Amino acid sequence: MMQATRAMPMTLELPPVKLFSATPQLATPVLANANLTRDFIELSFQLESGRPLPFFTRFDGPITVYAAPSLNQIGQRDLQQLLARFRSEAGLSITLSRSSDARIVIEAIPRARIQSTVSGAACFVVPNVRGWAEFQKAKNSGRLDWTTLRSRTTATVFVPSDAPPQEVRDCLHEELAQGLGPLNDLFRLENSVFNDDNFHSVLTPYDMLMLRAYYHPSLANGMTRDDVATRLPAIFAQLNPAGAALRPTPIIGGNSAWEAAINASMTGSLSFSRRTNASENAVRLANSTTLPAQSRAFSLFALGQLKLRSDPGVAYGAFRAADGIYSQQQSTAIQSAHVKVQLAGFALSAGDATTTLRLTDEAIPVAYAHQNAAILASLMMLRAEALDLLGRPQEAAEQRLDSLGWARYGFGSDDTVRRKLAEISALNPAI
């Protein structure tokens, strides 16, 4: 049995990888059906690029999924858990197949190949092909254009073969969900994977409700936006009866200038100065327009991340302000947990062990419930350092050891896990 220890991070023996159970323990929000109807239309009739989709499309009949051997054992396990959730939570007739002639193919390929194909993408899904070879042949043929479809017959999801298990799982959740259903993302969806802010790692109850509606028998391939819109009130009245009596929440329209700025701030191929300027512009736009509070919080979070090394004071203020917004409601708990990782790091580096413990104790259950092992491991490592500062070395060692199994799932390679542990240990002013 491994002993809890304060061994040097780069020589520390690592425990086995830890894995999550099948279903995340997330609360199901009760939303007004009028809001769900608007969300559904916006998600289903536009691509992320802004191009309109003229027709509603989905798979008809039972759906088979084939995972190529390039998807590793943990990825295969996560895929099976996801398919089980699709069946139980979204009501889909979807099963794993041993045949590469399945309707949906999952193939793992090197990250560099993915990003040379779709710049900046971690993973992607395309219609009308099975596997990389068919995709390469079809690239310039127009077969891969979602806007030309009237129904879906085949699709392939490409995930990175050399990424941490959590990143592969996140790709499976997002890309399979889009291959099956809505193809758009909306920044205003705080409870959804269909959002480019990347706070949610796994599909939420909201996402499963959208997929259940997507495959409702009242809808059919080839319907227009108006056709679908007329049927949605009855669909959501059946699927979400508690939402029928709720008054709709006003939805503030999108702001294209803010979206361009926030997207630029997250584009890794841009220079650091351009990204920083874009994040500062996003904060200004969020403060000076009628954008919702969540947009202001996300702008501040993006600014804080970019300013961490160049201007820690600005970063800290941005994180504090972001958490002041996110922590006000349960629906943004995972967003708050992401911010609390940063705030706990600041508290630890200042020698404030008590605040570090408070922040991590608040965020750890949230990270676990949302199955984000990278955030969970970081919080546990921070908590271990705070316990050391408080003169509780045995508790600290046990917490540190417990963090490593989650870190192996969240961060991947042993060297990356050890570097992360060393990075957080370096924040401890007593080291």
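Figure 1. The structure shown here and in the following views is a predicted model. Of the 19 residues that line the second largest pocket, Asn35, Arg188, Glu190, Thr249 and Ile251 are the closest to its centre. Helix 1 (33–44) and helix 10 (293–307) each supply at least two residues of this lining. The most is given by helix 1, with three residues. By residue class, the lining comprises 10 nonpolar, six polar and three charged residues.

**Figure 2. A salt bridge joins the side chains of Arg51 and Asp145.** The distance from N to O in this pair is 3.2 Å. Arg51 is found in the loop between helix 1 and strand 1 (63–67), and Asp145 in the loop between helix 4 (131–138) and strand 5 (155–160), so the contact ties together parts that are 94 residues apart in sequence. Arg51 has a relative accessible area of 40% and is partly exposed. Asp145 is also partly exposed, at 21% relative accessibility. The count for the model comes to 20 salt bridges.

**Figure 3. Glu167 and Arg111 form a salt bridge between their side chains.** Here the N to O distance is 2.9 Å. The pair links distant parts of the chain, with Glu167 in helix 5 (residues 165–180) and Arg111 in helix 3 (residues 111–117), 56 residues apart. Glu167 is partly exposed, with a relative accessible area of 22%. For Arg111 the relative accessible area is 26%, and this residue too is partly exposed.

**Figure 4. Within helix 13 (residues 353–369), Arg358 and Glu362 are separated by about one helical turn.** Their side chains meet in a salt bridge, 3.4 Å from N to O. An α-helix has 3.6 residues a turn, so residues three or four places apart point the same way. Arg358 and Glu362 are four residues apart. Arg358 is partly exposed, with a relative accessible area of 44%, and Glu362 is partly exposed, with a value of 40%. Elsewhere, salt bridges that share partners join Arg38, Asp39, Glu42 and Arg188 into one network.

**Figure 5. Helix 14 (residues 373–389) is largely enclosed by the rest of the structure.** Of its 17 residues, 15 are buried. From its first C-alpha to its last, helix 14 reaches 24 Å, close to the 24 Å expected at 1.5 Å a residue. The N-terminal end of helix 14 is capped by Asn372, which has a side-chain oxygen 3.3 Å from the backbone nitrogen of Ala374. Just after helix 14, Gly391 takes a positive phi of about 75 degrees.

**Figure 6. Asn128 has a positive phi although it is not a glycine.** The value of phi for Asn128 is about 70 degrees. Asn128 is placed in the loop between strand 4 (124–127) and helix 4. With a relative accessible area of 19%, Asn128 is buried, because buried means under 20%.

**Figure 7. Asn198 is a residue other than glycine with a positive phi.** Phi of Asn198 is near 60 degrees. This residue is located in the loop between helix 5 and helix 6 (205–214). At 53% relative accessibility, Asn198 counts as exposed, because exposed means over 50%.

Note on methods: Residues are numbered from 1 along each chain as its sequence is written. This is a predicted model: local features need pLDDT of at least 70, side-chain atom pairs count only at pLDDT 80 or more; totals for chains, interfaces and linings use all residues. Side-chain values use heavy atoms; hydrogens and water are left out. The expected span of a helix is 1.5 Å times one less than its number of residues. Buried means under 20% relative accessible area, exposed over 50%, partly exposed in between (1.4 Å probe, protein chains only). A polar contact is a pair of N or O atoms within 3.5 Å; within protein, one must be able to donate a hydrogen and the other to accept it, and residues adjacent in sequence count only if both atoms are side-chain atoms. On a 1 Å grid over the protein atoms alone, a cavity is a set of points where a 1.4 Å probe fits but cannot get out, and a pocket is an open set with protein on both sides within 12 Å along at least five of seven lines; lining residues have an atom within 4 Å of a point. Ala, Val, Leu, Ile, Met, Phe, Trp, Tyr, Cys and Pro count as nonpolar, Asp, Glu, Lys and Arg as charged, and the others, Gly among them, as polar. A salt bridge is a side-chain nitrogen of Lys or Arg within 4 Å of a carboxyl oxygen of Asp or Glu.
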